[in-house]
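Here is a short briefing to read alongside the model.

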Amino acid sequence: METLSYNDILALNNAIGEIYTARDMESFYRSVFSALPKIVPHQLTTFNDVEIYPPRILNGVHSSDEHHRIFKKLFHVFNEHCAEHPFASHFESEDVIETTDIVTLGKFKGLAIYNEYYRHVDIDTQIVMPFEGSGERRTLLALSRKGTDFS
């Protein structure tokens, strides 16, 4: 594993400070949406409330208004294909995982969920971090981008 540089540590410390100032959920989302791209380059940050069985998205909060409009429009399509999402069988996991930890980019692009949803938001790789949930529900933080994989 690479050692973080001084600038990386400084950026991480600034991000933690920015997020720490949040006093309610709306300001927490805004601070995460602002801080995370400064330390992990990506185009879209999303908090997703998911149901584990059957796998489906219950709600999502997005860093992009444009993506949120697409999400609302294609919400039913996403859930129609949610069971085939590479992460669906990992909704219970405590691990941080990337799309390419599970499938190749080529295989992901061959799935209906990619062609019916992700292609429309111009996203082809994600990394997901689980948060605590209760029972059959969990909140996942997803960072998404086009092109290069996460490292």
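D122 sits in the loop between α6 and β4, and its phi is near 60°, a positive value in a residue other than glycine. Most residues other than glycine have a negative phi, and most peptide bonds are trans. Keep in mind that this is a predicted model.

**Backbone details**

- D122 has a relative accessible area of 46%, so it counts as partly exposed.
- A cis peptide bond joins Y53 and P54, with omega at about -10°.
- P54 belongs to the loop between β1 and β2.

**Salt bridges**

- Side chains of opposite charge can pair when their charged atoms come close.
- The whole structure holds 7 salt bridges.
- One of them pairs the side chains of E18 and K38 at 3.3 Å, N to O. Because E18 lies in helix α1 and K38 in helix α2, this pair ties together parts that are 20 residues apart in sequence.
- E18 is partly exposed at 24% relative accessible area, while K38 is exposed at 56%.
- E51 forms a salt bridge with R56, and their closest N and O atoms are 2.9 Å apart. Here E51 is buried, with 17% relative accessibility, and R56 is partly exposed, with 34%.
- D124 and K109 also meet through their side chains in a salt bridge (3.6 Å, N to O). The pair links distant parts of the chain, 15 residues apart: D124 is in the loop between α6 and β4, and K109 is in helix α5 (residues 105-109).
- D124 is buried at 3% relative accessibility, whereas K109 is partly exposed at 31%. Salt bridges that share partners join K109, D122, D124 and K146 into one network.

**Enclosed cavities**

- Rolling a probe the size of a water molecule over the atoms shows where empty space is left.
- There are 2 cavities of 30 Å³ or more.
- The largest cavity has a volume of about 210 Å³. Its lining has 20 residues, and N48, I57, F78, Y118 and Q126 lie nearest its centre.
- At least two lining residues of the largest cavity come from each of β1 (44-51), β2 (56-62), α3 (65-81), α6 (112-121), β4 (125-130) and β5 (137-145). The most come from β1, which gives 4 residues.
- By class, the lining of the largest cavity has 13 nonpolar, 7 polar and no charged residues.
- The second largest cavity holds about 50 Å³ of space, and the residues lining it are F87, H90, F91, S93, D95, I97, V128, P130 and L140. These divide into 6 nonpolar, 2 polar and 1 charged.

- The lining of the largest pocket comprises 20 nonpolar, 3 polar and 5 charged residues.
- L4, I9, L12 and I16 make a nonpolar surface patch of about 360 Å².
- L12 is located in helix α1 (residues 6-20) and is partly exposed, at 34% relative accessibility.

Methods:
Residues numbered from 1 in each chain as written. Predicted model: local features only at pLDDT ≥ 70, side-chain atom pairs only at ≥ 80, totals over all residues. Heavy atoms only, no water. Patch = residues over 30% accessible without salt bridge, like charges linked within 9 Å, V, L, I, M, F, W, Y side chains within 5 Å. Areas by Shrake-Rupley, 256 points an atom, 1.4 Å probe, with all protein chains shown as cover. Salt bridge = Lys/Arg side-chain N within 4 Å of Asp/Glu carboxyl O. Buried < 20%, exposed > 50% of the residue type's maximum accessible area, 1.4 Å probe, protein only. 1 Å grid on protein atoms, 1.4 Å probe; cavity = no way out; pocket = protein on both sides within 12 Å on 5 of 7 lines; lining within 4 Å. Points joined across faces, edges and corners; volume = space filled by probe spheres on them. Nonpolar A, V, L, I, M, F, W, Y, C, P; charged D, E, K, R; others polar.
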